[in-house]
Amino acid sequence: MVSITINLGDAFLLDTPPNSEHLYIAIAQTSGSNYLFVNVSSRRPNSETSCVLLPDSGIPSFIVHESVIAYQFAREMDATQLAGLITIGSPIPKGTCSMAVITQIQQGGLVSKRLKKRYKTALKAFLGIL
């Protein structure tokens, strides 16, 4: 089994349905070993725009085109669950976001209409705003 350390801002390429490879970023520690992960997706006309990431000098190099955080696909995982989903052959982690980008993603989660209530509550608790 692969040993994985999770740090805020780490991005992992996960093998999740329906198209296998999806990029997830850890944005909050929700309990002792669990973290809240959000999905990075290509921007489409119907995408939620609470958090838009454009490739530039402040954005991690693995963001190569206009992308959004698809909060509706957020999930809470620990290292064991994460290890079971990492795409075979993917670097672990794929990259890391700066604190400025993590903050941008967290703030987007607070205003998102698609982030599940339990995850929004966990994010607020992590940020100390409950």
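Contact here means heavy atoms within 4.5 Å. With that, leaving aside neighbours within four places in sequence, Ile-105 is in contact with Ile-25, Ile-27, Val-38, Cys-51, Leu-53, Ile-69 and Tyr-71.

Some housekeeping. This is a predicted model, where local features need pLDDT of at least 70 and side-chain atom pairs count only at pLDDT 80 or more, while totals for chains, interfaces and linings use all residues. Residues are numbered from 1 along each chain as its sequence is written, and side-chain values use heavy atoms, with hydrogens and water left out.

Now the core. A nonpolar core is a set of buried Ala, Val, Leu, Ile, Met, Phe, Trp, Tyr and Cys residues joined through side-chain atoms within 4.5 Å; buried is under 20% relative accessible area, exposed over 50%, partly exposed in between, with a 1.4 Å probe and protein chains only. The largest one has 25 residues, and Ile-25, Ile-27, Leu-53, Ile-69 and Ile-105 touch the most other members. Two or more residues come from each of β1 (10-16), β2 (20-29), β3 (35-42), β5 (67-77), α2 (99-111) and α3 (117-127). Helices (H or I, at least four residues) and strands (E, at least two) are DSSP runs, numbered from the N terminus.

Next, α3. Which of its residues are buried? They are Tyr-119, Lys-120, Ala-122 and Leu-123. On the face turned away sit the exposed Lys-117 and Arg-118. Just after α3, Gly-128 has a positive phi of about 75°.
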